[in-house]
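Dear colleague,

I am passing on the structure we spoke about, with the sequence alongside. Please open the two together, and then read the notes that follow with the model in view.

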Amino acid sequence: MNPVDLELVKLKRQWQKVVSKNEEKPMLICIGEKHETDLFDGFIKSKLSEDEEGDDIFLLHYQEFNGMKSFGQTLLDEWTEFYEMLKKSEENIPQWELKDPEQVFKTDAYKAFYPLLELKKNFPNIKDSKIYLYIAPLRISDTEELSLWVKEWCRICEISENKDLKLVWAEHHTHRTLSQIPSAHTFRVEVDIHQLMQNTAAHTNRKKNSPDTDFQQQILIASNHLSKERFKEAEHALKTAVKLAKEQKNKQGEISAYFMLTQAYTADRKKDRAEDTYRIIFEEVESDSPLEVQMYMNYGSHLLGNSKKSKAEKIFEKAAETAQKIGEYAMAIECYRIIGTLNDTLLTKDKMIRYFEKCLDIAKLMDSSVREQSSLRFVASMLILKYEGDHSKKAILDNEMKTYFGDDWRVSVERPKAG
C-alpha cells in the first residue's frame, strides 16, 4: 500500500468514527492545513469509486456560490438533469415530484433539501442510504450569504427530523470561511506531511543509500527545514542536493535544487544571493527547453515580488518567445496573459489588449486538447470587457471562442476598474 493510500485508510477510520458519533448532526465540517483538507477532498472523491463498499451516497459539488437565493437551484438543476437522463435510459423510474413548501425562507436551501429528501423516499435502492452532500465552491461571491444558506439547510434538516441527509464542508483551520455553525460537528484532520513525504520517498525508491535516494532525501530535509524557517539548515541541504545532482548528471534535479535555493534565500531576505542563484540557473539550464521557460516564469514572479515590474515584463516576454519557439504554446499564452494583466490600468489598456490579442494568435496554432487546458477562456473573457463599445471585435471574438469551446465559453472575470 502506498503512503497516500495509507493516509486515506486512516482518514476512512476517522470518518466512520465521526459519522457514528454524530448521527443527530445535520452537517460535518472537516478542518486542517491545506494539504490536509486536500487529502480529505481526495478521500471524498475516492468514495465515488465503483468498488467502494457500503450504501452511503456522496454527492460532490464544486459549483460557484453566486448567492443565497440561487445556490440551491444550481444543485437542483444538476440533479434534475441526471434524473431526466435516467428516465430516458431506464424503465419504470419512480416519479419525483417537486413541490414548494408553504413556509417562507430567507435562502433557497430548501430547493436543495426537500427534493433530495423526496428522491431518497421514492427510490427503493437508496431508501436506506445516508446521503452526504459535499459542497466546495470554486468561487464564493459572498461568504456571509453562504453561512446563512448553510445555517438554513441545517435548520430545515433538524425540523424534518431526518438523520440521513448531511451537508459536508472542508476548510482551513485558522482562515475560516464559514462563520460559526452551531448545528454542525467540526473535526480536525491531521497528517504529518513530512512523514508522508519521507514515506513516499522510501516507497518510490527502495534502494538504500543509492545516489538518487540521497538526493531526494536532501530535498525532503530542506523542505522540512524551510517549513520551520530554519533557513541555514535548508541552504546546507540544498547545496548538498546540487552537488549530488551534478555527480549524477541529473540536470533537472540540479536546476530544481537551485530553484529551491532561490526560495530559501528570498524567505531569508537574502535578495542578492537569490539573484545570483537565478543567474547560475540560466547558465546551467538547457537552452530552448520547457524547463528554461519555467525558470524564466519563476524569475519573473520573483521580480514582481520585489516590485521590479518593468524587468519582470521583459523576462515574461523572453519566456513567451522561447515557449513559442519550442511549441509550448500554453506556457506562451500564460506569459502574455501575465504581461497583459500587469497592464490592466486606464493608461495602459491598449498595451493590455495588444498582449491579450497575441494569445489569440497563438491559440490558432494549438491542438484542441492543449487549448482546452490553457488560460485562453479567461483572456478572451477579459477582452470582451476591454473592447467595450467595439461590437464588431466582440462578435468576431465571440464566434472564434464558440468554435473552440462551444456556446458556454465565457468565464467569470472582474468588471473593468472605474475611472
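Asp288 sits in the loop between helix H10 (271-284) and helix H11 (290-305), where helices are DSSP runs of H or I with at least four residues, strands are DSSP runs of E with at least two, and both are numbered from the N terminus. The phi angle of Asp288 is near 55°, a positive value in a residue other than glycine, and with a relative accessibility of 35% Asp288 counts as partly exposed; here buried means under 20% relative accessible area, exposed means over 50%, and partly exposed covers what lies in between, using a 1.4 Å probe and protein chains only. Lys249, in the loop between H8 and H9, likewise has a positive phi, near 55°, and is not a glycine, while its relative accessibility of 75% makes Lys249 exposed.

Before going further, please keep in mind that this is a predicted model, in which local features need pLDDT of at least 70 and side-chain atom pairs count only at pLDDT 80 or more, whereas totals for chains, interfaces and linings use all residues. Residues are numbered from 1 along each chain as its sequence is written, and side-chain values use heavy atoms, with hydrogens and water left out.

On the charged side chains, a salt bridge is taken to be a side-chain nitrogen of Lys or Arg within 4 Å of a carboxyl oxygen of Asp or Glu, and by this rule the count comes to 27 salt bridges.

Another bridge links Arg155 and Glu152, whose closest N and O atoms are 3.4 Å apart, and both residues lie in helix H5 (residues 143-160), 3 residues apart, about one turn of the helix. Arg155 is partly exposed at 40% relative accessibility, whereas Glu152 is buried, with a relative accessible area of 7%.

In helix H9 (residues 251-267), Lys251 and Glu254 are likewise placed 3 residues apart, about one turn of the helix, and their side chains meet in a salt bridge of 3.4 Å, N to O. Lys251 is partly exposed, with a relative accessible area of 35%, but Glu254 is buried, at 3% relative accessibility. This pair also belongs to a network of salt bridges that links Lys246, Lys251, Glu254 and Glu284.

How many disulfides does the model contain? With a disulfide taken as a pair of cysteine sulfur atoms within 2.5 Å, the count comes to 0 disulfides. The sulfur of Cys157 has its closest cysteine sulfur in Cys154, 7.2 Å away, and so is too far for a bond; Cys157 is buried, with a relative accessible area of 2%. For Cys335 the closest cysteine sulfur, in Cys359, is 9.4 Å away, which is again too far for a bond, and Cys335 is buried at 0% relative accessibility.

Turning to open space, a 1 Å grid was laid over the protein atoms alone, and a pocket is an open set of points, reached by a 1.4 Å probe, with protein on both sides within 12 Å along at least five of seven lines, its lining residues having an atom within 4 Å of a point. The largest pocket holds about 600 Å³ of space, the volume being that filled by probe spheres set on the points, which are joined across faces, edges and corners. Its lining has 20 residues, and Ile57, Leu59, Phe82, Leu119 and Ile126 lie nearest the centre of the pocket. Strand S2 (57-61), helix H3 (71-89) and helix H4 (110-122) each supply at least two residues of this lining.

Finally, the domain assignment of the protein chain gives domain 1 (3-192) and domain 2 (323-418), with bounds that come from an automatic or database domain assignment. The C-alpha centres of domain 1 and domain 2 lie 36 Å apart.

With best wishes
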